[in-house]
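Please find below my notes on the model under review. They are set out as numbered points, each of which may be read against the display.

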Amino acid sequence: MKNATEPEVYGSLGIFEKSCLYCGARFRVLAIRSAESNRSRSFACPGCGKSYEMRAASEPEVHLLHGRTDGKDDRYQDTMF
Ligand SMILES: [Zn+2]
């Protein structure tokens, strides 16, 4: 199968901001994205630990922009434990 366009140099840095659905914290997520090596990656909300998934070529980095807004300090109930 041939692609009409050349792939990106080695992937590009993707940055987006996200608000946690559970606690309202806002954070920025950075990850290398590359069509060839994108995989399902998980990252955790810095406020409550709720995990999210995205497709990226590297482990996502999370930077907290502002803390949670629900006024609590519990952790999201993660079924992985
Ligand atoms: Zn959260």
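What is the mean pLDDT of the protein chain, and what share of its residues reach 70 or more?

1. Confidence. The mean pLDDT (the predictor's confidence in each residue, from 0 to 100) of the protein chain is 88, and 83% of its residues reach 70 or more. Within the chain, confidence is lowest in strand 1, with a mean of 94, and highest in strand 5, at 97. Where pLDDT is low, the predicted coordinates should not be read in detail.

2. Conventions. This is a predicted model, in which local features need pLDDT of at least 70 and side-chain atom pairs count only at pLDDT 80 or more, whereas totals for chains, interfaces and linings use all residues. Residues are numbered from 1 along each chain as its sequence is written.

3. Overall composition. The protein chain has zero helices and five strands, the elements running β-β-β-β-β from the N terminus. Helices (H or I, at least four residues) and strands (E, at least two) are DSSP runs, numbered from the N terminus. Of the 81 residues in the chain, 14% are buried; a residue is buried if 20 or more other C-beta atoms lie within 10 Å of its own, exposed if 12 or fewer, and partly exposed in between, with C-beta atoms placed from the backbone. Among contacts with a separation of 6 or more, 50% involve residues 24 or more positions apart. Two residues are in contact if their C-beta atoms, placed from the backbone, lie within 7 Å.

4. Three strands form an open, antiparallel sheet in the order 1-2-5. Strand 1 (12-19) and strand 5 (61-66) are the edge strands, each pairing on one side only. On average, neighbouring strands of this sheet are turned by 25° against each other, direction ignored; the axes are lines fitted to C-alpha atoms, for helices over the stretch in contact, and angles run from 0 to 180 degrees between N-to-C directions. Two strands pair if DSSP finds at least two bridges between them.

5. Strand 1 with strand 2. Eight bridges join strand 1 to strand 2 (residues 26-33) in the antiparallel sense. Across this pairing, Gly 14 stands opposite Ala 31, and Ile 15 has Leu 30 as its bridge partner. The two strands form a hairpin with six residues between them, and Gly 24 in the turn has a positive phi of about 90°. Ser 12, which lies in strand 1, is exposed because 11 other C-beta atoms are within 10 Å. The C-alpha atoms of Ser 12 and Ala 31 are 8.3 Å apart in space, with the two residues 19 apart in sequence.

6. Strand 2 with strand 5. The antiparallel pairing of strand 2 and strand 5 has five bridges. One of the bridge pairs consists of Arg 28 and His 63, the latter in strand 5. Arg 26, also in strand 2, is partly exposed because it has 17 other C-beta atoms within 10 Å. Neighbours within four places in sequence aside, Arg 26 is in contact with Glu 17, Ser 19, Leu 65 and His 66. Arg 26 and Leu 65 are 39 residues apart along the chain, yet their C-alpha atoms are separated by 5.4 Å.

7. Strand 3 with strand 4. Strand 3 and strand 4 (residues 51-56) run antiparallel and are joined by six bridges. Arg 39 stands opposite Ala 56, and the bridge partner of Phe 43 is Tyr 52. Their hairpin has six residues between the strands, with Gly 49 taking a positive phi near 90°.

8. Ser 42. This residue is found in strand 3 (residues 39-44). Ser 42 counts as exposed because it has 11 C-beta neighbours inside 10 Å. Not counting residues up to four places away in sequence, Ser 42 touches Ser 51, Tyr 52 and Glu 53. Ser 42 and Glu 59, 17 residues apart in sequence, are 7.8 Å apart from C-alpha to C-alpha.

9. The nonpolar core. Which residues form the largest nonpolar core? The six are Cys 20, Cys 23, Ala 25, Phe 27, Cys 45 and Cys 48. A nonpolar core is a set of buried Ala, Val, Leu, Ile, Met, Phe, Trp, Tyr and Cys residues joined through C-beta atoms within 7 Å. Apart from neighbours within four places in sequence, Cys 45 is in contact with Cys 20, Tyr 22, Cys 23, Ala 25, Phe 27, Lys 50 and Tyr 76.
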